[in-house]
Amino acid sequence: MPLTHRTVDRLGGTATAPPFPALLGRLLLGGVVAGVLSGIWQLLVTERAISPALALEEARGTGTVEDSGEMFSRTTQLVGGFVGALVAAVGLAIVLAAVYAALRHRLPGRTDGSRLIVLTVIGFAVIALLPAVAIPANPPAVGDPDTIGTRTAIYGAVLAGGIVIAALVAAVVGALRRRGTDHTAVAAAGTAVGVALLAVLLLVLPGTPDTIPADVPADVVWNFRLASLGQLAILWATLGLAGGWFVDRLTASPARG
Amino acid sequence: MTSSPYAHPRVAVPRVAVPAWAWALALLALFALYLLAQDNGAVLAQAGGVAHELFHDARHALGVPCH
């Protein structure tokens, strides 16, 4: 296999490690693209799922200050929401750059693009999908202000637990590979350890303390959760695909970089 | 030695030198993400209230717990 490795490395341009500032720049570009795309999704899809919830709050007359538009008009909040999505994507891209640079030599894949996709799929699973299962997102009109501390703590614990589990699975897979274990057996062992640990995490952690108020229709909550998960999927997929594409341009032709 | 193409990734892929400022920048970005996602001005008090309302929809959309 060494020959294959060398050939692949030349094609993939991975023979020398790219300098971190260049890597950061390319991933920031990917972050901007991801932020714009997820922001557009937010304006076109997620906001449409938020609207009926805001109407419910208004009808109830008990909407909290931030939803009644007292400080900002709805239009300003829509713009703020887009900017928020963009800032979140760029912030994630900065963190992703440091983590990717540190883990690059350990990630499977022949090119930076494929390695980055592996990392962003893990990121989506741990930071978006796992919380969506353990403590699902809710539109306005659902959350109880008195339990925000508890819910934030559970959310933080889910994130921390997910990151620890990802690290443990990576450690098991890495250890088995170093022992030369068969590839299929490594995949099976990694999957088994990951599933077992995730089951423990989901069983141990309490669910949300809130109950969804009776006046909130199920489809309002369902549509919002789908829209939110779709937005997170676009965010992470674009970070991996666009970011990886930009980094591949860098490593394939450093002269033009 | 082994048939797995993944068995010796370190041989094929050199490490990226990650400078200390990369981690400082990542921490700063994490703090900014926390401020974006934070609950009701826990850190910034009044300014947090403004950020909270401005970024309200993004926080809901990103699935962070909210009021």
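Student: Is Ile165(A) buried or exposed, and why?
Tutor: Ile165(A) is buried because 21 C-beta neighbours lie inside 10 Å. The cut-offs are 20 or more other C-beta atoms within 10 Å for buried, 12 or fewer for exposed, and partly exposed in between, with C-beta atoms placed from the backbone. This is a predicted model, where local features need pLDDT of at least 70, side-chain atom pairs count only at pLDDT 80 or more, and totals for chains, interfaces and linings use all residues. Residues are numbered from 1 along each chain as its sequence is written, while chains are lettered from A and ligands numbered from 1 in the order in which they are written.

Student: Which helix does Ile165(A) lie in?
Tutor: Helix 5 of chain A, residues 148-178. Helices are DSSP runs (H or I, at least four residues), numbered from the N terminus.

Student: And what does Ile165(A) touch?
Tutor: Leaving out residues up to four places away in sequence, Ile165(A) touches Gly194(A), Leu197(A), Leu198(A) and Leu201(A). Contact means C-beta atoms, placed from the backbone, within 7 Å.

Student: Switching to the interface: how many residues of chain A are in contact with chain B?
Tutor: 53 residues of chain A, against 42 residues of chain B. Helix 3 of chain A gives the most to chain A's side, with 14 residues.

Student: Where does helix 4 of chain A bend?
Tutor: At Ala125(A), by about 35°. That is the angle between axes fitted to the seven residues ending there and the seven starting there.

Key: Helices (H or I, at least four residues) and strands (E, at least two) are DSSP runs, numbered from the N terminus. Two residues are in contact if their C-beta atoms, placed from the backbone, lie within 7 Å.
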